[in-house]
Amino acid sequence: MVRLRTKILSETDLYDTDMEVRNLIEWICASEQIKSNNNEIRSLTGEYKRIETDWREGVKVQLERMKALCKERDSLYEKQMI
């Protein structure tokens, strides 16, 4: 699309004289940028989801370990009460 725009600008005066052509070229360039941005957004979202899953799994493991420690602590307190 950039090559098409460059060709129109360098070989014709349509961009300067025809507002419809100008708007079409600008729209095409903008839509290409939007596509590029959307691809980057999808990539970043995918990376975030991969990191989030690992993080959540790490938290679950830590919570389970904390529960086990609390049970062991409570058991030791109970033994002291007897």
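Guide: A helix here is a DSSP run of H or I with at least four residues, numbered from the N terminus. Keep that in mind as we read this predicted model.

Visitor: How many helices and strands are there in the protein chain?

Guide: The protein chain has three helices and zero strands. From the N terminus on, the order of elements is α-α-α.

Visitor: Which elements have the lowest and the highest mean pLDDT?

Guide: Where pLDDT is low, predicted coordinates should not be read in detail. In this chain, helix 1 has the lowest mean pLDDT among the elements, at 72. Helix 3 has the highest, at 84. The chain as a whole averages 82. Of its residues, 94% reach 70 or more.

Visitor: What radius of gyration does the protein chain have, and what would a compact globule have?

Guide: Compare the value with the globule rule. A compact globule of 82 residues would come out near 12 Å. The protein chain has 31 Å. Now take the box along the principal axes. The C-alpha atoms fill roughly 95 × 20 × 10 Å.

Visitor: Where does M66 lie, and how far is M66 from W55 in space?

Guide: M66 is in helix 3. M66 and W55 are eleven residues apart in sequence, and their C-alpha atoms are 17 Å apart. M66 is partly exposed, with a relative accessible area of 48%.

Visitor: Which residue caps the N-terminal end of helix 3?

Guide: Look for a side-chain oxygen beside a backbone nitrogen at the helix end. D18 is the cap. One of its side-chain oxygens lies 3.0 Å from the backbone nitrogen of E20. E20 itself counts as exposed, at 63% relative accessibility.

Visitor: What share of the residues in the protein chain is buried?

Guide: The cut-off for buried is under 20% relative accessible area. Buried residues make up 7% of the 82 residues. In helix 3 the buried residues are V21, I25, I28 and S31. The chain exposes about 7700 Å², and carbon and sulfur atoms supply 58% of that area.

Visitor: How many salt bridges does the structure hold?

Guide: Four. The test is a side-chain nitrogen of Lys or Arg within 4 Å of a carboxyl oxygen of Asp or Glu. Take D16 and R22. Their closest N and O atoms are 3.8 Å apart, so the pair passes the 4 Å cut-off. D16 is exposed, with a relative accessible area of 59%. R22 is partly exposed, at 27%.

Visitor: Which residue does E32 meet in a salt bridge?

Guide: K35, with 3.6 Å from N to O. Now use the helix spacing. E32 and K35 are three residues apart in helix 3, so about one helical turn separates them. E32 counts as partly exposed at 35% relative accessibility. K35 is partly exposed too, with a relative accessible area of 49%.

Visitor: And with which residue does E64 form a salt bridge?

Guide: E64 pairs with K67, the closest N and O atoms being 3.6 Å apart. At 49% relative accessibility, E64 counts as partly exposed.

How values were computed:
Residues numbered from 1 in each chain as written. Predicted model: local features only at pLDDT ≥ 70, side-chain atom pairs only at ≥ 80, totals over all residues. Heavy atoms only, no water. Buried < 20%, exposed > 50% of the residue type's maximum accessible area, 1.4 Å probe, protein only. Helix = DSSP H or I, 4+ residues; strand = E, 2+ residues; numbered from the N terminus. Polar contact = N/O pair within 3.5 Å; in protein donor to acceptor, adjacent residues only side chain to side chain. Rg over C-alpha atoms; globule rule 2.2 N^0.38 Å. Areas by Shrake-Rupley, 256 points an atom, 1.4 Å probe, with all protein chains shown as cover. pLDDT = per-residue confidence, 0-100.
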